[in-house]
Amino acid sequence: MSTIPPRRPHAEELHNAHWRRSSYSGGANDCVEIADLGAYAAVRDSKALDLSPVILSRTALRELLDHYTDGEACIG
């Protein structure tokens, strides 16, 4: 039995996504923002909103964050 991979998000979904930024940003507009898109997560630079966000599977994002946070990453 083959599994159909989830489809990648459409531009409208990215536009309407709820973007979160780290509480470590201190209110400055110089951080990374993440949006939960179901099977995927979008990551963007808050200073360059005109650029396309990076789309990662939730698994890939978790592994990336775990690498940099020694396993302390928590993705909804």
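Biologist: Which residue of β4 stands opposite Ala-42?

Modeller: Strands of a sheet pair through backbone hydrogen bonds, in a parallel or an antiparallel manner. Here, Ile-55 in β4 is the residue opposite Ala-42. Strand β3, residues 40-45, and β4 are paired in the antiparallel sense over four bridges; pairing requires at least two bridges found by DSSP. Strands (E, at least two residues) and helices (H or I, at least four) are DSSP runs, numbered from the N terminus. Please note that this is a predicted model, in which local features need pLDDT of at least 70 and side-chain atom pairs count only at pLDDT 80 or more, while totals for chains, interfaces and linings use all residues. Residues are numbered from 1 along each chain as its sequence is written, and side-chain values use heavy atoms, without hydrogens or water.

Biologist: What is the order of the strands in the open sheet?

Modeller: The four strands follow the order β1-β2-β3-β4, with antiparallel pairing. β1 (19-21) and β4 (54-57) are the edge strands, each with a single partner, so one side of each has no neighbour in the sheet. On average, neighbouring strands are turned by 30° against each other, direction ignored.

Biologist: Where does helix α2 lie?

Modeller: Helix α2, residues 58-69, lies across β2 (32-37), β3 and β4, and runs at about 95° to β4. Such angles run from 0 to 180 degrees between N-to-C directions, with axes fitted to C-alpha atoms, for helices over the stretch in contact; contact means heavy atoms within 4.5 Å. Ala-60 belongs to helix α2, and its C-alpha atom is 9.0 Å from that of Tyr-40, 20 residues away along the chain.

Biologist: Which residues make up the largest nonpolar core?

Modeller: In soluble globular proteins, nonpolar side chains tend to be buried together. The largest core in this model has eight residues: Leu-14, Ala-17, Trp-19, Ala-35, Leu-37, Tyr-40, Ala-42 and Ile-55. A core joins buried Ala, Val, Leu, Ile, Met, Phe, Trp, Tyr and Cys residues through side-chain atoms within 4.5 Å, where buried means under 20% relative accessible area, exposed over 50%, and partly exposed in between (1.4 Å probe, protein chains only). Leaving aside residues up to four places away in sequence, Ala-35 touches several residues, including Ala-17, Trp-19, Tyr-40 and Ala-42.

Biologist: How many salt bridges are there?

Modeller: Side chains of opposite charge can pair when their charged atoms come close. The count comes to four, a salt bridge being a side-chain nitrogen of Lys or Arg within 4 Å of a carboxyl oxygen of Asp or Glu. In one of them, Arg-44 meets Glu-33 at 2.6 Å, N to O. Arg-44 lies in strand β3 and Glu-33 in strand β2, so this pair ties together parts 11 residues apart in sequence.

Biologist: Is Glu-33 buried or exposed?

Modeller: Glu-33 is buried, at 6% relative accessibility. In another salt bridge, the closest N and O atoms of Arg-58 and Asp-36 are 2.8 Å apart. That pair links helix α2, which holds Arg-58, with strand β2, which holds Asp-36, across 22 residues. Arg-58 is buried at 17%, whereas Asp-36 is partly exposed at 45%.

Biologist: Which residue forms a salt bridge with Asp-45?

Modeller: The partner of Asp-45 is Lys-47, with the closest N and O atoms 3.8 Å apart. Asp-45 is partly exposed at 33%, and Lys-47 is exposed at 56%. Elsewhere, salt bridges with shared partners join Arg-21, Glu-33 and Arg-44 into one network.
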